[in-house]
Amino acid sequence: MRGQTVYLAAAALLAVAASPSPTAWCFLIVYLLLLFIRRPPVFLPAFLTALFFFAYFLIVDHDNETSLSGGRRTLNVRFTAPPAFDGDRMQGVVEINGERVQLRYVMRTRAEKEALQAYLTPGTVCRILGALERPQSASNPYAFDYHRYLRFQRVHWLFLPESVDRSACARARPTVAERLLSLREAGVRRIEAHLPPEAAGIAAALIYGERRQLDEEVLAGYQQLGLIHLLAISGGHVTLLVSAAFALAIRFMTREVAVLALLALLPVYAVLAGASPSVLRACATGMIVLAVGWKKGTIHPLDALSWTALVLLVFDPYMVWDVGFQLSFAVTFALLVHFPALSAVRSLGGRLLQTALVAQLAALPLLLYHFYEISVWSVVLNVLFVPLYSWILLPLALLVAAVPFAPFVWLFCRLVAFTNAIVRFFSADHGLTLVLGRPSPWCLALCVAAVAAAFLLWERGRLQRGLAAVAAALAVQFAAPYMNANGEVTVLDVGQGDCTVIELPGRKAVYLLDTGGTLDIAREPWRKRSRPFSVGRDVVVPFLKAKGIRTIDKLILTHDDADHIGAAPDVLRAVRVKEIVTSPHALPTVRQMARPFSVPVAAASRGQRWQEGGAAFAILHPEAGNREDNNGSLVLFARLGGLTWLFAADIEKEAEQDLVRAYPHLRADVLKVAHHGSATSTTEPFLWTVKPRVALISVGRHNRYGHPAREVLVRLKQQGAIIWRTDQNGAIRYVYSEKSGTFQPMKP
């Protein structure tokens, strides 16, 4: 059964994933059927393994509950790890009554920040007044689900302190894990003290798995180019460290004692390196290989990897949903299976190229599912970066961390600057990515099958045919939106702002109506965060990429308020825009903003109409020459999906009166409520004319303006309209065919 444990590990992985996922259920059933037909001897063990892990996950998930309750109270908070400081925000997982809780605190002064940074070490216990709140679940399609993420970390609450008083804190005796985390923090700070920020970020990532000093643009570039694995501690790091430590140890002790010492030290290193899934995989695999070798035995590499997966799933079955866990095991599995073919390649360059290609193919379905795009440069850059990091940067980082000798520091900094410049060149300056969107279950299955076929054909000497199969699967994914008979209108939750995506059936056209945006408030330098929230980068662009939207036919910017156009530059950088349409008042501002992107800009006014893909659109307001701000914003009327729509932008009472005078018989089934539900809009005479059946309100949670106004909600209810609002319901989608459709709020 050498090398056969992999069938059991695959069954376990699919069984855990199948608990909440119908798609994974289908994969599990198909997998077991294939085993029954092609591998009868392993079918029964795999079936029993799947049954065990399915039941085990249900038990673990059932017990993953909280004993705390929400509200404002004073609590004893234990810092079990160093909190993270980013500008004026401090956050980290703490312990309250034996339960893990996510703490988040905004500091008031620079002196307070410096004091807390120096004092809050692992083992510190503070008595703090604050509020326990439930974390928010995802409010937009394809968005990061913070509530789900924290639950998988066994965290059920956010703790929001009103203040953190050092006089109410005391240092308790730290646990072993807390001592190790203190050592880790000290090591990271030592690196930061001896290296400039850019080099310190790379060194800390390579040695301790800590990325807080990494420039966000560089980090995004590594991810975009498929190089992010180089900044994660994995098998290569552990193999290098274990080999070096073993070679040194056997000079002073017997081989058996050296192996036992390494077995004891690897769990310690896992904690020091951040205990990410890739670190745990590498360390657990190393321990299994060492343990077998200690008994003078051997173990098949696939068996070692498979036993590692089984052990980690028992330790924490939620790891199945971690992207790092998925990529680490998928790529390692592919490299091990394909190792005989790789070892047959004689030239170093050819072996590096084929290794990079194996890794890219293995990761392809996961990259598409989680990140929606692939980089054309990935394979070539991996050929350059993998040996550079493995043979030069990693050993040099270890040397610099241990002995910060000036010539070594200088060399390391120059190499980091060189690699970062290459990353910026191929990601930001000359990026060449294929945005394909998140695959549907059947497209994902097709992609996985194509990758498997490619490896089989490769081993038979038909690599070109295998790559052609993968290219065909990607072509199907590329074309899928153009074969979709459904259209969609999505009002995204962008907080206190407006953003609506209109996608016509068969991808005949895509229109983006406003982009949302956040006000750029001037902050003191110490308050500035490394990666402040951006509506465009964090909400709008990921949604567009997940949908596979590469081109926007019309970017309609209703007026130039920041909450309507602030995220437009992010959209213009990420997606091709054919033209921008805006109001006469906003024309100069929008032209200036669009100039670096060479996108034509035109002002629209009442009377302009167009038709596309069975849908009709018309600009109802403003009149030509209108130079007002809110009352001069564009009002769009549309007929699509069997309904009439009125997108009222930020118009107020006066503009509503003008609309009623110009269009006394104006009716709309769906009203995109003006100005986020402000009391100055959505007047009774306007509603009597329009008579909406559905009202959509785009508004931020707990906004300082009191939107939507109570009187507006009363008027809409008196009109009999169904009200959906983004602060309560999240994004609101209308998925339609030719004549009818269904509203699908993210949070009913």
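Visitor: Why is tyrosine 372 called buried?

Guide: Its relative accessibility is 7%. Buried means under 20% relative accessible area, exposed over 50%, partly exposed in between (1.4 Å probe, protein chains only). So tyrosine 372 counts as buried. This is a predicted model, where local features need pLDDT of at least 70, side-chain atom pairs count only at pLDDT 80 or more, and totals for chains, interfaces and linings use all residues. Residues are numbered from 1 along each chain as its sequence is written, and side-chain values use heavy atoms, with hydrogens and water left out.

Visitor: What makes the phi of tyrosine 372 worth a remark?

Guide: Phi is positive, about 70°, although tyrosine 372 is not a glycine. Most residues other than glycine have a negative phi. Lysine 691 also has a positive phi, near 50°.

Visitor: Is lysine 691 buried, partly exposed or exposed, and how do you know that?

Guide: Lysine 691 has 42% relative accessibility, so it counts as partly exposed.

Visitor: Why is the pair of tryptophan 645 and tyrosine 734 called an aromatic pair, and of which kind?

Guide: Rings of Phe, Tyr and Trp (its six-membered ring) pair if their centres lie within 6.5 Å; planes under 30 degrees apart count as stacked, over 60 as edge-to-face and the rest as tilted. Here the centres are 5.3 Å apart, with 65° between the planes. The pair is edge-to-face.

Visitor: How do you know that the pair links distant parts of the chain?

Guide: Tryptophan 645 is in strand E21 and tyrosine 734 in strand E25, 89 residues apart. Helices (H or I, at least four residues) and strands (E, at least two) are DSSP runs, numbered from the N terminus.

Visitor: Are tryptophan 645 and tyrosine 734 buried or exposed?

Guide: Tryptophan 645 is at 1% relative accessibility, so it counts as buried. Tyrosine 734 is at 3%, and is buried too.

Visitor: Why is the charged end of arginine 550 said to sit over the ring of phenylalanine 478?

Guide: A charge sits over a ring if NZ of Lys or CZ of Arg is within 6 Å of the ring centre and within 35 degrees of the ring normal. The charged end of arginine 550 is 3.9 Å from the centre of the phenylalanine 478 ring. Arginine 507 sits over tyrosine 482 in this way, 5.9 Å from the ring centre.

Visitor: What is the peptide bond from histidine 621 to proline 622 called?

Guide: That bond is cis, with omega near 5°. Most peptide bonds are trans. The bond from histidine 707 to proline 708 is cis as well, with omega near -10°.
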